[in-house]
Amino acid sequence: MELAAKDRLYVWHPFTPQKDMIAPVPIVKGKDTLLIDESGNTYIDAISSWWVTLHGHGNEYIAKKIYTQALKLEQVIFAGFTHEPAVELAEKLIRILPAGFAKVFYSDNGSTSTEVALKMALQYWWNTKTEGKAVDTENSPPDGVTRSHNKRNKILAFRNSYHGDTFGAMSVSDRSVFTLAFHDLLFEVTFIDTPSKENLRQSLDLINRQGNEIAAFIYEPLVQGAGGMKMYDAGLMNELLATVKRYDIICIADEVMTGFGRTGKLFASEFLAHKPDIICLSKGLTGGTMALGVTASTDSIYQAYVNDDKLKTFFHGHSFTANPLACTAAIASLELFEQYSVQDKIAWLAKENEQFGKRLQSNYGSICRNIRVLGTILAFDLAIGRNEYLNNIAGVVTDMAMKAGVYIRPLGNVVYIMPPYCITAYELEKVYNTIEAIISSISTNA
């Protein structure tokens, strides 16, 4: 029996309607930017397999490091034990993260990294409510406003956000098709729009009214990924964060997607003057080879858990917390950043994307709306059907691209690329040409 047929019998795929499901393509090998199916067909992976594969598929350096580690220690409980890969990775991350981070907490994917961050922030206020500690004692609320720590239980988040699929992560995500079946079970969250000149004052007024009740503000810095690759202004975000910081609200940067160079800088938070208190990492953390999540915190957050009262322990963990193989893969990925000119490739990709964006605007501006670029991410909205995730044009675009030897997976009518950093000039131009050919065909038949 063919692999696809066996798959249909036994496997349930994510984000995929099951009735009349198109048979998945059996991939037998990956090398650099290419995915190779069982018939020998190749596809340029223009979205890095859900944004994770930084250095390409089958990276020999990472694979050899994992192999060597597997012969020494493949797994050990992380409560009461430690190991070299976990300590080395934490040390490396603290050195490269935006200033102020002190501790690394391990989990196993992006959803759990944000889940950990939310619990960490909420329990911070529970742990400190009788002690009156604050995250930032240098900034004061407006005159006449007093701090109050025992009512800190609200979460502030952006509309159109996506932070994962666990219940806490869903709760702080925008109410959408991803969360529809669970709306009655999600906890209440205060949502505001990503900052613009038109809405910033309204958001600041809300924070000034509710600041003493808000425990944490979670946000995807500068790019909202699964919500449609929506991008917003760093300067306006700085104004918003300045007010948030005045109330000692814990800032959680969800950099699961934007981390490790995707926006042009190593972390999107580097574009912002006001840094987060907690940062969430996954996806590209291991170069796309192993599942691993990280939630890093400042020392002031951590100190709320250093207490004689055992009830103030952070009671959270996973069977595969700090898995040695995953930590080793992450170390190897970071070493590749140091050993090769990855930052140069990121800068080159950003420049090429900017040029292609202008090309699209010039040639297809009537059907390609809101063309946007930030670092290695390029996105635009197809002016066909409704602006929504369930727009059927996504399947049409994917099918046409696959026939041309390119893999892209639009978010409804939002077409985007986010290729591995090892993509060649020839491959990138093929991706661009394929997109243009698809747009031209769609325009003709629309």
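Tutor: Start with one contact, meaning heavy atoms within 4.5 Å. Here Ile393, Val397, Met400 and Ala401 in α12 meet Thr434, Ile438, Ser441 and Ile442 in α13. These contact residues comprise six nonpolar, two polar and no charged. Nonpolar covers Ala, Val, Leu, Ile, Met, Phe, Trp, Tyr, Cys and Pro; charged covers Asp, Glu, Lys and Arg; the others, Gly among them, are polar.

Student: What kind of model is this, and how are residues numbered?

Tutor: This is a predicted model, where local features need pLDDT of at least 70, side-chain atom pairs count only at pLDDT 80 or more, and totals for chains, interfaces and linings use all residues. Numbering runs from 1 along each chain as its sequence is written, and side-chain values use heavy atoms, leaving out hydrogens and water.

Student: How do I describe two packed helices?

Tutor: Use the angle between their axes and the distance between the axes. Axes are lines fitted to C-alpha atoms, for helices over the stretch in contact, and angles run from 0 to 180 degrees between N-to-C directions. Helices are DSSP runs (H or I, at least four residues), as are strands (E, at least two), numbered from the N terminus. The axes of α12 (residues 393-403) and α13 (residues 425-445) come within 10 Å and cross at roughly 130°. The two helices are therefore oblique to each other. Under 35 degrees is roughly parallel, over 145 roughly antiparallel, 65 to 115 roughly perpendicular, and the rest oblique.

Student: At what angle do α11 and α13 pack?

Tutor: About 20°, with axes 12 Å apart; α11 spans residues 342-364. That makes α11 roughly parallel to α13. Their contact includes Trp348 and Phe356 of α11, and Leu428 and Tyr432 of α13. Its residues divide into ten nonpolar, four polar and four charged.

Student: Which angle and axis distance describe α3 and α10?

Tutor: Helix α3 (residues 60-70) and helix α10 (residues 324-339) pack at about 145°, with axes 9 Å apart. Among the contact residues are Tyr61 and Ile62 of α3, and Leu325 and Ala329 of α10.

Student: Which residues does the UniProt annotation "binding site" cover?

Tutor: The unreviewed UniProt entry lists Trp50, Tyr162, Lys283, Gly317 and Arg409. Such annotations may be inferred rather than shown by experiment; feature names are shortened, and positions follow the numbering used here. The residues span 360 residues in sequence, and the farthest two C-alpha atoms are 32.9 Å apart, so they do not all gather at one spot. Lys283 sits in the loop between β11 (278-281) and β12 (293-298).
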